[in-house]
Amino acid sequence: MFWFNWFWWENIWMPINCTWEHFVDREGLVFPKPHQLYATIPYAFVLLIIRFFSERYIAIPLAKALGIKNVRRVKPQPNPVLESYFRECSKHPSQSEIQGLAKKCNCTVRLVEKWFRRRRNLEIPTVLRKFQETLLPSQYWYYMAEISFYWSLLFTLGIDNKRKDFLAHVVHHLAAIGLMSGSWCGNYVRLGTLVMFVHDTADFWLEAAKMFNYAHWEKTCNMLFIIFSIAFFITRIILFPFWILRATLYQPTYYSTTPVIAYFLFNGQLLVLQGLHLYWGYLIFKILRRFIFLKVSNLASAERCSLLKNGKASSLHPYPGFLIPYTAL
């Protein structure tokens, strides 16, 4: 009982002269209720069921229609010694370690290298598997759907494909659930809705770009990724820090000189999200830079080939390859 009363202590959630009694339904006004968040757990399992059937009965036929084939990987021969080393020690053993394993298994070094190469390939998701994962009016349902969705992502972290930014996604999902649940309990619904909307604006463009990338529709994929990049930088690098974060960090100080604990908790999680935005923005910028320079290099190569055929290359510039900075990346 002590911890329950401490958790819902008004000094944690509310500014001065504000109590939970102000958020009791009255005269047609309906306020969020913390117990409504219990519904997000069963909703998360419903989303998992929907995801399972959509991946099997929608994603696979759609992938086949787009020409995406399921490449079957060759499984290595069962070997308990190598499997144990692969799981517990290293997926990329050094040459001396491979020699030691070859002696231990009484086989050649080449067979051990081949076994590890095939075993690593099994860890890499196929294009069809990646394609499957991309398919997945009131504030109440908006909140319930968003929180349930992130719960479902957390439940499947152990079986989903792990990418390079796996840890960043874990931190993002936990911060998102904490922010949405906290904003719902504390009746910061308008602000929470803005944060969710800013994040949702760019995400579906990236998922669409990945789908067409797996289908090898290069031009469509590039166009969608450029749209995603523009939406990402506008919403998460400009709007989120300079409007939303500014409102949550500075405007509360105009109304109260003693910020409540929720002020530090919520703003701390929002700053974590902004840090992730900067990290992902850096990765997107690197991809865009590589994409632009690659286009320039391809155009330069085509022009150079055309000029060489006409015998005019030496009259234009003495270093035909100066327009190809991509090789230095």
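Rings of Phe, Tyr and Trp (its six-membered ring) count as an aromatic pair if their centres lie within 6.5 Å; planes under 30 degrees apart are stacked, over 60 edge-to-face and the rest tilted. The model is predicted, so local features need pLDDT of at least 70 and side-chain atom pairs pLDDT 80 or more, while totals for chains, interfaces and linings use all residues. Residues are numbered from 1 along each chain as its sequence is written, and side-chain values use heavy atoms, without hydrogens and water.

**View 1. An aromatic pair between H4 and H6.** The whole structure holds 18 aromatic pairs. One of them is edge-to-face, because the ring centres of Tyr-85 and Phe-116 are 6.3 Å apart and the planes stand at 90 degrees. Tyr-85 belongs to helix H4 and Phe-116 to helix H6, so the pair ties together parts 31 residues apart in sequence. Helices (H or I, at least four residues) and strands (E, at least two) are DSSP runs, numbered from the N terminus.

**View 2. Packing of H4 on H6.** Helix H4 (residues 80–88) packs against helix H6 (residues 109–123) at about 50 degrees, with the axes 11 Å apart. Axes are lines fitted to C-alpha atoms, for helices over the stretch in contact, and angles run from 0 to 180 degrees between N-to-C directions. H4 and H6 are therefore oblique to each other (under 35 degrees is roughly parallel, over 145 roughly antiparallel, 65 to 115 roughly perpendicular, the rest oblique). In contact (heavy atoms within 4.5 Å) are Leu-82, Glu-83, Tyr-85, Phe-86 and Arg-87 of H4 with Val-112, Trp-115, Phe-116, Arg-119, Arg-120 and Glu-123 of H6. These comprise 6 nonpolar, no polar and 5 charged residues (Ala, Val, Leu, Ile, Met, Phe, Trp, Tyr, Cys and Pro are nonpolar; Asp, Glu, Lys and Arg charged; the others, Gly among them, polar).

**View 3. Packing of H9 on H10.** Helix H9 (residues 166–185) and helix H10 (residues 189–214) meet at an angle of about 150 degrees, their axes 8 Å apart. H9 is therefore roughly antiparallel to H10. His-172, Met-180, Ser-183 and Trp-184 of H9 touch Val-189, Gly-192, Met-196 and His-199 of H10. By class, the contact has 4 nonpolar, 4 polar and no charged residues.
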